[in-house]
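Here is a quick tour of a two-part question: how do the pieces of this protein meet, and which residues are worth a second look? Have the model open while you read.

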Amino acid sequence: MRPRAISDRIDSVGAVDWDRRLFDALIPLPDGTSYNAYVVKGSEKTALIDAVDPPFTDLLLRNLQAAGKLDFVVANHAEQDHAGAVSAVLGRHPKATLLCTPKCKDLLIDELHLAPERVRTVADGEKVALGDRTLEFLHLPWVHWPETMVTWLPEERTLFTCDLFGSHLATNDLYAADEARVYEAAKRYYAEIMMPFGSLIRGHLDKLSRYDVKLILTSHGPGYRRPGFILDAYRDWTSDAVKNTVVLPYVSMHGSTKVMADALADSLASRGVSVERFDLPTADLGRLAMALVDAATLVLGTPAVLVGPHPAAVNAAFLANALRPKLRFASVFGSFGWGNKIVETLSGLMKNLKVEMLPPVLVKGLPRADDIRKIEELAEAVASRHRAAGILSGEPHVTQEA
Ligand code: FEO
């Protein structure tokens, strides 16, 4: 991607990674991603805000040629998909100073072996003048890592947020044009990256509400010319409100646990509870994470494998525990042959979840009529909790993620 003008003072100089399909060797990227970087031109000085993933270093250096001499390189975040190219940029611009938080400086020295004398740390609220334009730095820790900040350009009413409000979406659009598509991508991104820090981010949203933002430019995915669109979405996702939904991930080896999953989905739907079910061995774990953003309940299904839960269920439990969704209720079901420690193992893996555990249903072999009655009882327990929480209303639906 060549440089593109955002305004007469801001150029987009980053890269679109159309073909990347995995991030951190973990997160699926069905729509690719981008590493957005921006040049801000004041009357006296010029700054680069964020850089790119190392494979795109040459493209960034090419895109920076038109900007001339850089005085500052701003690292809002130390992760390599943004900071990985800063050493090369500083090498090409020997008079430039890197601006970042103190924690970010430590991380960059450890990760990139950056020369400390090239770095100047900035305090929360500190301003750096570029002449007739000003950069103001706001420390917002944990908008992915502990060292993160965002950069405010008051004269353009533009906020550069790096990971915050981002989306893994490869697109030519500088701004969110198809808001429904961007909403899905941004929610997936929130689920995978930001959800563990939801309560902190809620406080950050209050801090940002003091700024009259006209334009949000993130470092992944399109920017927002209608900031309220993404700010409202984040307020919703980080709120305490949960929806009348059960997330139902399951794995079945010989069909018995699937019989229970089918019965549970049907029983919940008949009681007005929506279900998002995931056949774990083939499920997109990003969609599972998205479903956890606002669901009230998680019910995990697994057969016994060598007495414990199936590894696919272990993975799902570990993921849910790490992402810390705002679930209120949880339970477990499954089938075993001769003995199991499914509940003990899964409960031990989900200690971060502040949930009421509903009675599990574990059955020997293929479920019998009495076992299905217990599944009905579990569905009723879920429905009664949702009713008491005031969320059991509207038309239920069952979705299947294969
Ligand atoms: Fe896009 Fe946390 O890096």
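Is leucine 306 buried or exposed? Leucine 306 is exposed, with a relative accessible area of 79%. Keep in mind that this is a predicted model, so read everything below as computed from that prediction.

Leucine 306 sits in the loop between β20 (304-305) and β21 (308-309). Its phi is near 50 degrees, a positive value in a residue other than glycine. Most residues other than glycine have a negative phi. Arginine 324 also has a positive phi, about 50 degrees, and is not a glycine either. You'll find arginine 324 in the loop between α10 (311-323) and β22 (329-336). At 45% relative accessibility, arginine 324 counts as partly exposed.

Zooming out, the domain assignment of the protein gives domain 1 (4-238) and domain 2 (243-401). Their C-alpha centres lie 38 Å apart. Twelve residues from domain 1 and 14 residues from domain 2 take part in the contact.

How much area do domain 1 and domain 2 bury between them? The figure is about 1,100 Å², and 59% of it is on carbon and sulfur atoms. On the domain 1 side, Lys187, Arg188 and Met195 supply 45% of the area buried against domain 2, more than any other three residues.

Polar features show up here too. The rule finds four salt bridges across the interface of domain 1 and domain 2, and there are four residue pairs in polar contact across it. Two helices, α5 (179-194) and α7 (227-238), each supply at least two residues of the side of domain 1 that touches domain 2. Helix α5 gives the largest share of that side, with six residues. Sorted by class, the side of domain 1 that touches domain 2 has six nonpolar, one polar and five charged residues.

**Salt bridges**

A search of the whole structure turns up 27 salt bridges. Side chains of opposite charge can pair when their charged atoms come close. Here are some of the pairs, with the distance between N and O atoms:

| Lys or Arg | Asp or Glu | N to O distance |
|---|---|---|
| Lysine 187 | Aspartate 294 | 3.1 Å |
| Arginine 287 | Glutamate 184 | 3.6 Å |
| Arginine 188 | Glutamate 192 | 3.6 Å |
| Lysine 243 | Aspartate 236 | 3.9 Å |

Start with the salt bridge between lysine 187 and aspartate 294. Lysine 187 lies in helix α5 and aspartate 294 in the loop between α9 (285-292) and β19 (295-301), so the pair ties together parts that are 107 residues apart in sequence. Both lysine 187 and aspartate 294 are buried. Lysine 187 is also one of the three residues named above for their share of the area that domain 1 buries against domain 2.

Glutamate 192 is buried, and so is arginine 188.

Elsewhere, salt bridges that share partners join Arg9, Asp132, Arg133 and Glu156 into one network.

**A buried valine**

Last stop: valine 382, in helix α12 (residues 369-388). Why does valine 382 count as buried? Its relative accessible area is 1%, and buried means under 20%. Which residues does valine 382 touch, not counting those up to four places away in sequence? They are Val246, Leu268, Thr297 and Leu358. Asparagine 244 is 138 residues away from valine 382 along the chain, yet the C-alpha atoms of the two are separated by 9.8 Å.

Terms used: Residues numbered from 1 in each chain as written. Predicted model: local features only at pLDDT ≥ 70, side-chain atom pairs only at ≥ 80, totals over all residues. Heavy atoms only, no water. Domains from an automatic or database assignment. Contact = heavy atoms within 4.5 Å. Buried area = accessible area lost by both parts, 1.4 Å probe. Salt bridge = Lys/Arg side-chain N within 4 Å of Asp/Glu carboxyl O. Polar contact = N/O pair within 3.5 Å; in protein donor to acceptor, adjacent residues only side chain to side chain. Helix = DSSP H or I, 4+ residues; strand = E, 2+ residues; numbered from the N terminus. Nonpolar A, V, L, I, M, F, W, Y, C, P; charged D, E, K, R; others polar. Buried < 20%, exposed > 50% of the residue type's maximum accessible area, 1.4 Å probe, protein only.
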